[in-house]
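Please look over the notes below alongside the structure.

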Amino acid sequence: MDEKCAQIFRQLDFMQGTVSGMMDGLAEQDLVFRPYPGKRSLGELLGHLALLCEADLLISDEASEEKMAAFYTANRPDSLEEIRSALTRSADNLRSRYDLYTAASLEEKTTSWWGVTCTRYGWLVQIAVHFSHHRGQLHGMLLALGKDPKVSLFE
């Protein structure tokens, strides 16, 4: 794997571990917690985080809006066990793909269905930033629930 990508995956692995750690103190009934009307519940946020790497990889592969809707319809982790499994699978699928990319592949540009163009490397940066964003939301949501996860968000 390209060294720059390996560094990003190190951070993704760390972030995935902290998400898993934040889940350790949760019970199934916590997943319905919704601190803001009209926004994601705790379970919906965790489900989004669990699928994020795989979904964003599809986006980087120029999946259509319809294909993305079908992906989210077919993949709905609901329980803590399903979320943990999807989190691992999604990250593993992303890593497997990037293990195959050559330096030339990483410079290839693709365009999302809404018109954003990035290199494959640029998409990986976007995925890490996206994951970090929602991990921060998760931390804040757990604090609002009264469950301080007591995890470090940075190495």
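1. Start with the loop. This is a predicted model. Setting aside neighbours within four places in sequence, leucine 31 is in contact with Ser41, Leu42, Gly43, Leu46, Asp78, Ser79, Leu80 and Ile83. Leucine 31 lies in the loop between H1 and helix H2 (42-60). Its relative accessible area is 6%, so leucine 31 is buried, the cut-off being under 20%. Serine 112 is 81 residues away along the chain, and the two C-alpha atoms are separated by 31 Å.

2. Next, the helix pair. The axes of H1 (residues 3-23) and H4 (residues 80-100) come within 11 Å and cross at roughly 180 degrees. H1 and H4 are therefore roughly antiparallel. On H1, the contact residues include Phe9, Leu12, Asp13 and Val19; on H4, they include Ile83, Arg84, Leu87 and Tyr98. By class, this contact has eleven nonpolar, three polar and three charged residues.

3. Now the rings. There are four aromatic pairs in the structure. Phenylalanine 71 and tyrosine 72 pair edge-to-face, 5.4 Å centre to centre, with 70 degrees between the planes. Phenylalanine 71 is buried at 10% relative accessible area, whereas tyrosine 72 is partly exposed at 28%.

4. Tryptophan 113 and tryptophan 114 also form an edge-to-face pair: 5.1 Å between centres, 85 degrees between planes. Tryptophan 113 is partly exposed at 41%. Tryptophan 114 is partly exposed at 46%.

5. Phe9, Tyr98 and Tyr101 are linked by ring pairs into a cluster.

6. Last, charges over rings. Lysine 4 places its charged end over the ring of tyrosine 121, 4.9 Å from the centre. The charged end of arginine 135 sits over the ring of phenylalanine 154, at 5.9 Å.

Terms used
Residues are numbered from 1 along each chain as its sequence is written. This is a predicted model: local features need pLDDT of at least 70, side-chain atom pairs count only at pLDDT 80 or more; totals for chains, interfaces and linings use all residues. Side-chain values use heavy atoms; hydrogens and water are left out. Axes are lines fitted to C-alpha atoms, for helices over the stretch in contact, and angles run from 0 to 180 degrees between N-to-C directions. Helices (H or I, at least four residues) and strands (E, at least two) are DSSP runs, numbered from the N terminus. Angles under 35 degrees count as roughly parallel, over 145 as roughly antiparallel, 65 to 115 as roughly perpendicular and the rest as oblique. Contact means heavy atoms within 4.5 Å. Ala, Val, Leu, Ile, Met, Phe, Trp, Tyr, Cys and Pro count as nonpolar, Asp, Glu, Lys and Arg as charged, and the others, Gly among them, as polar. Buried means under 20% relative accessible area, exposed over 50%, partly exposed in between (1.4 Å probe, protein chains only). Rings of Phe, Tyr and Trp (its six-membered ring) pair if their centres lie within 6.5 Å; planes under 30 degrees apart count as stacked, over 60 as edge-to-face and the rest as tilted. A charge sits over a ring if NZ of Lys or CZ of Arg is within 6 Å of the ring centre and within 35 degrees of the ring normal.
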